[in-house]
Amino acid sequence: MQFSKRLDLFGDEVFAALNAKRRELEAQGREVFDLSVGTPDFEPPRHVVEALRKSAEDPANWKYALHDKDELLQAVCDYYRTRFGVEDITPSMVMSCRGTQEGMGHVCAALADPGDVALIPDPCYPVFATGTLLAGAKPWYYPLTAEHDFLPWVEGIPDDVADAARYMVVSLPANPVGSVGTPEVYEQIIAFAKAHDIVVIHDNAYSDIVFDGPAGGSFLDYPGALDVGVEFLSLSKSFNVTGARLSFLVGREDIVAATRKLRSQVDFGMFLPEQDAAIAALTGPRDSVERQRLLYQERRDALCDGLEAVGWERPNAHGSMFVWARIPHGRMDSQAFALELMEKAGVIVTPGASFGPSGEGYVRFALVMPPERLREACQRIGESGI
């Protein structure tokens, strides 16, 4: 059977090889430290779980959700005001989506036509590129390098490329590289977008996991941001609800409206009990979010200290639930290195090359184990001699 040529856009799934090797080691009785996938191991807040349970007991809430509840949209607006200090968000500037993964596919398709150019960070969360490819657009990768603190450097983007681009994806705090945005960087991006008539799509999934400085914020808090862009607000990592896929596209009204129109053709909306769970998260106490941030920072410290102690260069890790580490001894074969590390140390990491060409020479660790387990994983790496 002849399948769509779209499938040719995507390479083999790197996690398939890692999972096969993991099963082999576990069958041998080996202990494995899986630091590859960013699924939080913390529990969701009780008031969020209770809101979902109570809502699901109402038979009326099992019908199609053909629109976002007014209470949900207002909760997002209020959250932007109380959490980020952004006063200008109205319900017409908000729509739900089933995670940034799904939302990115829809917003890219709403903005781009086949052959258009999109500016994509490299390395990046893979859906930034795949959403662009599925829309028929052409990714132009702007590198995130150690030279520029793994932050977007718009001066490095040629004017002809910028003039041709329909949108620019920005993700700070950044998965996988762990960099955190600064006011100067956001101001430069907004000025760049205005100069070249580019839409900015900002992924803000890790705003509550920022270390060593001010609390994470919102791209939309900067002057001019609402003129040029939108932002994904995700509850997944802050409230440990990754499986529920509670996310929102927020920002410039016409972009949100276009994305909502496209999504309505393929989806009936967020399950009503999930909407009620999201309302509870957005309007309820946030003390658990801050406690969790400090626990992530303890894990970051344990892992980075441990890697440095066994001879690795200290990783870049200022935000997100990931640590971006350069492979020792200048090795540039991240997938082979990841498989070797698993075999010799029982530690599973994600090869940097799976996040884009500039990721080669690095691996990503997920902070999904307590500090003592992370220290033990580092000890195993040191003992392996890799």
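**Close-up views of a predicted model**

View 1. Buried means under 20% relative accessible area, exposed means over 50%, and partly exposed lies in between (1.4 Å probe, protein chains only). Strands (E, at least two residues) and helices (H or I, at least four) are DSSP runs, numbered from the N terminus. This is a predicted model: local features need pLDDT of at least 70, side-chain atom pairs count only at pLDDT 80 or more, and totals for chains, interfaces and linings use all residues. Residues are numbered from 1 along each chain as its sequence is written, and side-chain values use heavy atoms, with hydrogens and water left out.

**View 2. Both faces of β7 are covered.** In a regular strand, side chains alternate between the two faces of the sheet. On one side of β7, Gly229, Glu231 and Leu233 are buried. On the other, Val230, Phe232 and Ser234 are buried.

**View 3. β7 pairs with β6 and with β8.** Two strands pair if DSSP finds at least two bridges between them. Strand β6 (residues 199-203) runs parallel to β7, joined by 4 bridges. Here Val200 stands opposite Gly229 in β7. Strand β8 (residues 247-251) runs antiparallel to β7, joined by 5 bridges. Leu233 stands opposite Phe248 in β8.

**View 4. Seven strands form an open sheet.** Their order is β2-β8-β7-β6-β5-β3-β4, with mixed pairing. β2 (94-97) and β4 (138-143) stand at the edges, each with a single partner strand, so one side of each has no neighbour in the sheet. Neighbouring strands of this sheet are turned by 25° against each other on average, direction ignored. Axes for such angles are lines fitted to C-alpha atoms. Val94 stands opposite Val250 in β8.

**View 5. Val323 is buried in strand β9.** Strand β9 covers residues 322-326. Val323 counts as buried because its relative accessibility is 0%. Leaving aside neighbours within four places in sequence, Val323 is in contact (heavy atoms within 4.5 Å) with residues including Arg300, Leu303, Pro315, Val363 and Phe365. Pro176 lies 147 residues away along the chain, yet the C-alpha atoms of Val323 and Pro176 are separated by 7.3 Å.

**View 6. Met1 is exposed.** Met1 is found in the segment before α1 (14-27). The relative accessible area of Met1 is 87%.

Note on methods. Axes fitted to C-alpha atoms, helices over the stretch in contact; angles between N-to-C directions.
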